[in-house]
Amino acid sequence: MRYLKFVVAFMGLLFSVGASAQTGKVLQGLLRDSLSRVVSGASVKLIQGKDTLSTSSSVGGVFTFNEVKGNTFTVKISSVGFEPFEKEFTFPQSETKFMVPAIILNGNPKMLEEVVVSGVLTVQVKGDTVEYTTKDLKLREGSVAEDALKKLQGVEVDNQGNVTAQGEAVTRVRINGKDYFGGDVKTATQNLPANIIEKMQIVDDYGDMANITGNKTGESTKVLNIQIDPKYNKGFMTTLRVGGGTNERYQATGMVMAMNNKTQISILGNLNNMNADLFDFNAMGGGARGRQGAAGGRGPGSGMFGGTPDGITKTGSLGVNFRHDFSDKLKLYGSYSYGHNNNNTIAKTHTENVGVDSKGNMITDAESNSTNIRASHRFEANLEWNISPKDYLKITPQFGFNNTRADAWSHSEVLLNDRLNNTQDQTSWSKGNSPRYNISGLYNRKLNDKGRNLFVNFNYDNGATNSDVDQILDQYVADPANRDEPLKNFYTRINREIENKSWNAGSTVSYTEPLTLKSKLEFSYDFNTNDYDNRNTQIGRDSLGNILTEKGTNYDYNYDYAFTTHRVGASYIFSGEKLSYSLGAAVQPSLLRGNAYGQNEAAVIDRKNFNFVPIARLEYKFSRQSNITVNYSGRSNEPSVTQILPFEVSTSQVMTTIGNENLNPEFRHSLNARYRAGDFQKGKTFFAMLRADLTQDKIVSMVRRIPSERNGIVQEVGYENESAPVYNIGSFYFMGRSLKNKTYTINYGGGVNYSRNISYLNVNATGGTFDKLITNNTVISQMLSFRYNPSEKFEIAPGVRYAYNISSTTLARLNAANTSKLTPNLIGSVNITPTLVFGADLSKEFNYGYQNNANPFVINSYVEQKFLKGQRGAFRLQAYDLLNQQVNINRTVGEALVDSQTNRLGRYFMLSFTFKLQKFSGIAPVEDNPFPAGMRPMRR
């Protein structure tokens, strides 16, 4: 508590000079163009004598000024493509709040010729948002949002449909500011028609609290917000596609989207064996407050010709997304999704481990064939209620359920010092389920019109994983002293049951006190707890059914522990016309406490920690089209169950883990800097990003390699906190130029990423010292692309990518050749006739430095004939991977060197039929206030 008092006193002393009493008035207005469309991002100034206040219009065209002291004032407005606006207003007598009648901005003919008629894509930088107008993109009839994204400068879409913007992955998507199918990116980008889109925004999103209060702390995520053209807000659209091909390939998809001003509903269905998932069930929406201390991964998706994740996947999906505005105050939106996947993956791996002496390494070559079946359900709803002009409430319930089944077979050969040690055949069967439910909410109270604000959010998340594993290992071991001796056979059957339960709960309270027109103080408190309750049992038997007595084979463990943090902080926030920043500090005590029980042993977990966390953020606007932002954040991460369980657990013949109940949580410091600049109206863009992460008390592995007659080398893995820093640094830059009405586009970019990881290795069976293994990995990447796109009927885009991977370790015997990949590619399409289209996608890989340098040349192409009125129907004949060379190779370096190669979707031909229908009334809905009660646009 002494730290908190010190921070508060220091912040008050430092910034009290700027504090003053405030008794001003509030002015609001709405900007529209001559077609009644809102105008966002306009520069708005309020002038009273010698005093000037500045802001910008929001995404809904709204501008707000607080602390207006006089009765008579002048409003000046400027925006690219419009004539300047200036008019004098007077506050109504005895009124403290004045809503200016809607202001109509007239187009500037000269500017319109440059910005719109010339076809140059209009791009605007609005603080943490880069906004693209899509109406001038040269897109074919029937294009989807993904096709538009591919033509936005600084945005990339890979062949699996993953979207990257300004060097960072886009993790969520919204339509008109609301999550669409739980924020699933590819569900929206690969199904939403491009012709109904008015704008696309790439947002550095800091969460609901930042969106409401304007106070941005913590780490941001990249969010894509798609704005629908208002004239498409009443009507419906549908797309139906069915196809069949060689190798028993099939596809059937359907999409229906209907809108009626205040109601919107979408229904999507998908059935195929082309690796084209419709939904990603690995992550659920974050809700009003996301779960802290747990995260989901992003899964593979589909691209233009179907996706290319590992293996072959049969998938069936069905989902519905809904939104209804009961009134201007009460809104409900959400989604339900179901998916069934059946994936078969064939893999080969080559692994090199350090041997038990200096004579050499242990080499393992393995091949495997696995089938994984998963059925998934996901439901999410959001209720937003503007209780009053000062009160806003949001509630988000969520539910998810996964049911899985897996069968796997593998064969491996182990060489020790260049001689055969053993061969293994392993078969396993497993099944499991994972239910999860969550409830989160937030409440915001605007305490007065001067900026005083109270914000509260909460969440409760409960999840579980239950699984059963049946595993058979047939092993044949050579006699190292006599090669002619017959191989000895060992048979082991393992039955394992796992019950993992966890729940997370937390809340944040934020209070904001204004000091001046441009500054304020924020005081915050955050509570978060993660609780884990798990049971893990295993029994091993021989071929006769007798229970094995080998160490670590049989166990029955229970462990229950919790990680709790409290964070108290204060910060000073300044928002100027060009410079905005926040400075402050927080203190965070944490407690890791629990118990672990074995059959004959027990352990108590009790660790307390204290962290001092700086709060810092800076944004400087060099001009309307260029700015720089710098943000620091820090957070604690608790040890995993495997790392903290202090008992010996063996889940395979060659790996035993022993956790450490004395582990401290890790603490990660993150620093991000982003720079955006360019003459966007003339087609010039530049983006740059620098990211650095440093982890204190990093939990590292302590690996002991023990010689084994049966297995060559057995690894015993423990865990400790590392005193030396573990860090990674990443960078990205992008330069783009469009010429001749966007007919020619040149893009150039790349980056350097460096990581430094630490682990420890001991090659003595007992005793000895652990050698510190520092792994340095540097990846240098570059790209160059060119697009010639004179009209929507012709496009050709050659490009090349290069990646060079430099890996080194302090253990010389683990050092291996560096790897590199050169990938030239060519994408193009042309109208042979007004209704006949030919397209192709060519990509060649040149791989160097791998154990198996496969260099696939992948050719995809299609011919499409459109017909019916408005080209609603189309037959498409497409060829995928004509040369049948699609493979996937990868290398990782750490305690071992691993080269892996997996199968991917191979050559096939498919004939499909597509029918599209759209019907809209062209009536735009009445524009409502885009800011919930208690929210206000930030001053710029």
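The side chains of Arg172 and Asp179 meet in a salt bridge with an N to O distance of 2.3 Å, a salt bridge being a side-chain nitrogen of Lys or Arg within 4 Å of a carboxyl oxygen of Asp or Glu. The structure holds 29 salt bridges. This is a predicted model, in which local features need pLDDT of at least 70 and side-chain atom pairs count only at pLDDT 80 or more, while totals for chains, interfaces and linings use all residues. Residues are numbered from 1 along each chain as its sequence is written, and side-chain values use heavy atoms, with hydrogens and water left out.

**Salt bridges**

- Arg172 is buried, with a relative accessible area of 16%; buried means under 20% relative accessible area, exposed over 50% and partly exposed in between, with a 1.4 Å probe and protein chains only.
- Asp179 is likewise buried, at 16%.
- Lys222 lies in strand E16 (residues 221–228) and Glu168 in strand E13 (residues 168–175), so the pair ties together parts that are 54 residues apart in sequence. Helices (H or I, at least four residues) and strands (E, at least two) are DSSP runs, numbered from the N terminus.
- Lys222 is buried, with a relative accessible area of 2%, and Glu168 is buried at 15%.
- Lys150 forms a salt bridge with Glu146, the closest N and O atoms being 3.9 Å apart. Lys150 is partly exposed at 30% relative accessible area, whereas Glu146 is buried at 5%.

**A buried lysine without a salt bridge**

- Lys138 lies in the loop between strand E10 (129–133) and helix H3 (145–149).
- Lys138 is buried yet has no salt bridge, and the nearest side chain of opposite charge, Glu792, is 7.4 Å away. For charge, Lys and Arg count as positive and Asp and Glu as negative, while His and the chain ends are not counted.
- A polar atom of the Lys138 side chain lies 3.1 Å from the backbone oxygen of Asn789.

**Nonpolar cores**

- The largest nonpolar core has 40 residues, of which Tyr132, Leu149, Val155, Leu192, Met200, Leu224 and Ile226 touch the most other members. A nonpolar core is a set of buried Ala, Val, Leu, Ile, Met, Phe, Trp, Tyr and Cys residues joined through side-chain atoms within 4.5 Å.

**Aromatic pairs and charges over rings**

- The count comes to 26 aromatic pairs. Rings of Phe, Tyr and Trp (its six-membered ring) pair if their centres lie within 6.5 Å; planes under 30 degrees apart count as stacked, over 60 as edge-to-face and the rest as tilted.
- The ring centres of Phe867 and Phe913 are 6.1 Å apart and the planes stand at 35°, so the pair is tilted.
- This pair links distant parts of the chain, with Phe867 in strand E45 (residues 857–867) and Phe913 in strand E49 (residues 908–920), 46 residues apart.
- Phe867 is partly exposed at 29% relative accessible area, and Phe913 is partly exposed at 26%.
- Phe913 also pairs with Phe875: the ring centres are 5.1 Å apart and the planes at 45°, so this pair is tilted.
- Phe875 is in strand E46 (residues 873–880) and Phe913 in strand E49, 38 residues apart, and the pair links distant parts of the chain. Phe875 counts as partly exposed, at 42% relative accessibility.
- Phe73, Phe89, Phe91 and Phe98 are linked into a cluster by ring pairs.
- Lys25 lies over the face of Phe91, 5.0 Å from the ring centre; a charge sits over a ring if NZ of Lys or CZ of Arg is within 6 Å of the ring centre and within 35 degrees of the ring normal.
- The charged end of Lys844 sits over the ring of Phe846, 5.3 Å from its centre.

**Positive phi values**

- Most residues other than glycine have a negative phi.
- Asn275, which is not a glycine, has a positive phi of about 60°. Asn275 is in the loop between strand E19 (263–272) and strand E20 (312–325) and is buried, at 2% relative accessibility.
- Asp697 has a positive phi near 55° and is found in the loop between strand E35 (684–696) and strand E36 (698–708). Asp697 is partly exposed, with a relative accessible area of 32%.

Key: Polar contact = N/O pair within 3.5 Å; in protein donor to acceptor, adjacent residues only side chain to side chain.
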